[in-house]
Amino acid sequence: GSDFKKGETPQIFCDPDHPGFGDYMAIEDYMVEYAVQDVLVLWAGLQEFWILIKEMGYHGKAYPLTIGTLGYQMIADSIQKNKEAKPKIVKKIKNSWKYQAVCSDPVADDIMRLALVGGRTQVFDTDPHHTRVVGIDARSMYPSAELGGDLEILGQSLERTWPDPTNLMRVKPGDLGEDFADYEGAIHVRWKRPETDLLGAIADTNEDGLLDWTLFEGTRWITMCQYRYCRILGYDLEPIPYRHTIPGDPKTGQEDEEIDLVAVLSPSLGYNPFQVVETWYNKRLEMREAGDPRQILVKLLMNAGSYGKWVERNQDQVITTEEAFVHHFTDRWDFSPVAGQYGYATDQRFRRARNAANILGAYITDYARMSLNEMGRSIGVENLLYTDTDSWKFLDPENQIQIPQVLLGPDLGQWAIEQIMDFWESVAPKQYRYHAIEDDGIPCDKWKLKIKGCSVGRMSQEEIAEFDLRGSVSFERVIGIRESWRQGQAA
């Protein structure tokens, strides 16, 4: 690490109850020195990280602004330099150090976003449980989804293949061949869940805009890897036509266009484009064993840099005055005031990012969720309490549930017992409270509270232990809870 040590933040900057909070005239010299020291710590940290990235084999000359861009560039660079990796799914942007995705049909790839499903967050039981509860977490879920081998589903092997964004084909109704299941891509289906699937593998958006995993039928786009997975589970999947609107361009006068199709297909990619991520994981293990604190930076690189950029979208945003916004912007734009008359005007229409390959992002999330689901089945659906993307909380009062040893361990794709608890309660996704008696194998006595959108870090252990989770989440707007806490009122 660096020779710069991070000091203690002056309370005037972070405590709303401090008499000088928000008063710039109350800032003293030593507080300015702290701010300068903070900048030095940040600068030293950036230098340390850049040196580490060089040690890991990346030789780009530019230091990207975000870790997501850095991870994308490192993956793209490894693909470009791999002579066996053909076709190339990335290329250098002209007169730039950056790479971009190679996509043969951006419209077809945009349709793939309709098959892109985020992490599974679900409450299975809202009752409070004063008994032994276990928390199990995946080892870097998305990176493991990118690198894992074939999946074992109900005794059948599901090959982990990848689509080729350089060869996308729009399939019209009536043109779907009998061998379509052998291709990659996505298909629009009417689906029906079998009674034997107690967990559920397909979700759709409910009236509140949230993913609902309890449905038993519906119509939606799913990836071809999800199609093959659901066929093994016994789902009824009927391909049906879909009408897609291609947005026009007001700048050129181009009008909206409607097209009918039933699938977007591609051949399988002949290689794994994410192979370099395995070297990142091995590097992190090596650094952890050596006690190198920089290992957390590699963890951030893996989790933030290997996925997000493949599904990135952009929005136009400009600084303007409220008066100019009223007279010169269309209804497609929103205005957010910042200071006085000035603010940001944001175009509500998203644009493709040059690095986007939605088809790859959709496959990553689906493979990750398959691993999550199969762990849930291994635990037993009747024991499940809660899941959030890469973890499960489940009842095991008598310590009788045996996770197969092959699934537990330090490697990518394996799982770890993170907590043993004697109390658990969750009333909604990302809203829970528990008491841990063991954390990462170490005995402890620790309460934890999470309410999405609210900072609870200043609450004491005693306050969390007595907290009425159900009373707090009855507010429809999180801001109501925030304001109650600020004012010292009961939620």
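The side chain of Asp292 reaches the backbone nitrogen of Arg294 at 2.9 Å, a polar contact in the sense of a pair of N or O atoms within 3.5 Å, where within protein one must be able to donate a hydrogen and the other to accept it, and where residues adjacent in sequence count only if both atoms are side-chain atoms. Before we go on, please keep in mind that this is a predicted model, in which local features need pLDDT of at least 70 and side-chain atom pairs count only at pLDDT 80 or more, while totals for chains, interfaces and linings use all residues. Residues are numbered from 1 along each chain as its sequence is written, and side-chain values use heavy atoms, with hydrogens and water left out.

Back to Asp292, which sits in the loop between helix H7 (276-289) and helix H8 (295-305). Helices (H or I, at least four residues) and strands (E, at least two) are DSSP runs, numbered from the N terminus. With a relative accessibility of 18%, Asp292 counts as buried, because buried means under 20% relative accessible area, exposed over 50%, and partly exposed in between (1.4 Å probe, protein chains only). Asp236, in strand E12 (residues 236-239), has 48% relative accessibility and so counts as partly exposed.

Helix H10 (residues 358-379) has 22 residues, and at 1.5 Å a residue it should span 32 Å; its end C-alpha atoms are 32 Å apart, which agrees. The expected span is 1.5 Å times one less than the number of residues. Of the 22 residues of H10, 19 are buried, so this helix is largely enclosed by the rest of the structure. After H10 comes Gly380, with a positive phi near 110°.

Helix H3 (residues 67-81) passes the same kind of check: its 15 residues should span 21 Å at 1.5 Å a residue, and its end C-alpha atoms are 21 Å apart. H3 is mostly covered, with eleven of its 15 residues buried. Among them are Leu70, Tyr72, Met74, Ile75 and Ile79.

Now for the sheets. Strands of a sheet pair through backbone hydrogen bonds, either parallel or antiparallel. Here two strands pair if DSSP finds at least two bridges between them. Three strands form an open antiparallel sheet in the order E17-E19-E18. Its edge strands are strand E17 (317-321) and E18, each of which pairs on one side only. Neighbouring strands of this sheet are turned by 30° against each other on average, direction ignored; the axes are lines fitted to C-alpha atoms, for helices over the stretch in contact, and angles run from 0 to 180 degrees between N-to-C directions.

Within this sheet, strand E18 (residues 333-339) and strand E19 (residues 342-347) pair in the antiparallel sense over six bridges, with Pro337 opposite Gly343 in E19. E18 and E19 make a hairpin with two residues between them, and Gly340 in the turn has a positive phi of about 60°. E17 pairs with E19 in the antiparallel sense over five bridges, and there Thr321 stands opposite Tyr342 in E19.

Another open sheet has seven strands in the order E3-E21-E22-E4-E23-E24-E25, with antiparallel pairing. Strand E3 (121-123) and strand E25 (442-451) are its edges, each pairing on one side only. The twist averages 25° from one strand to the next. Strand E4 (residues 133-138) and strand E22 (residues 391-395) pair over five bridges in the antiparallel sense, and Leu395 in E22 is the bridge partner of Val133.

On a 1 Å grid over the protein atoms alone, a cavity is a set of points where a 1.4 Å probe fits but cannot get out, and a pocket is an open set with protein on both sides within 12 Å along at least five of seven lines; lining residues have an atom within 4 Å of a point. Grid points are joined across faces, edges and corners, and a volume is the space filled by probe spheres set on the points. The count comes to three cavities of 30 Å³ or more, and the largest cavity has a volume of about 60 Å³. Its lining includes Trp213, Arg220, Asp366 and Arg369. Strand E11 (217-223) and H10 each supply at least two residues of that lining, and the largest share, three residues, comes from E11.

The largest pocket holds about 890 Å³ of space. It is lined by 30 residues, of which Pro247, Arg349, Phe350, Arg351 and Arg352 lie nearest its centre.
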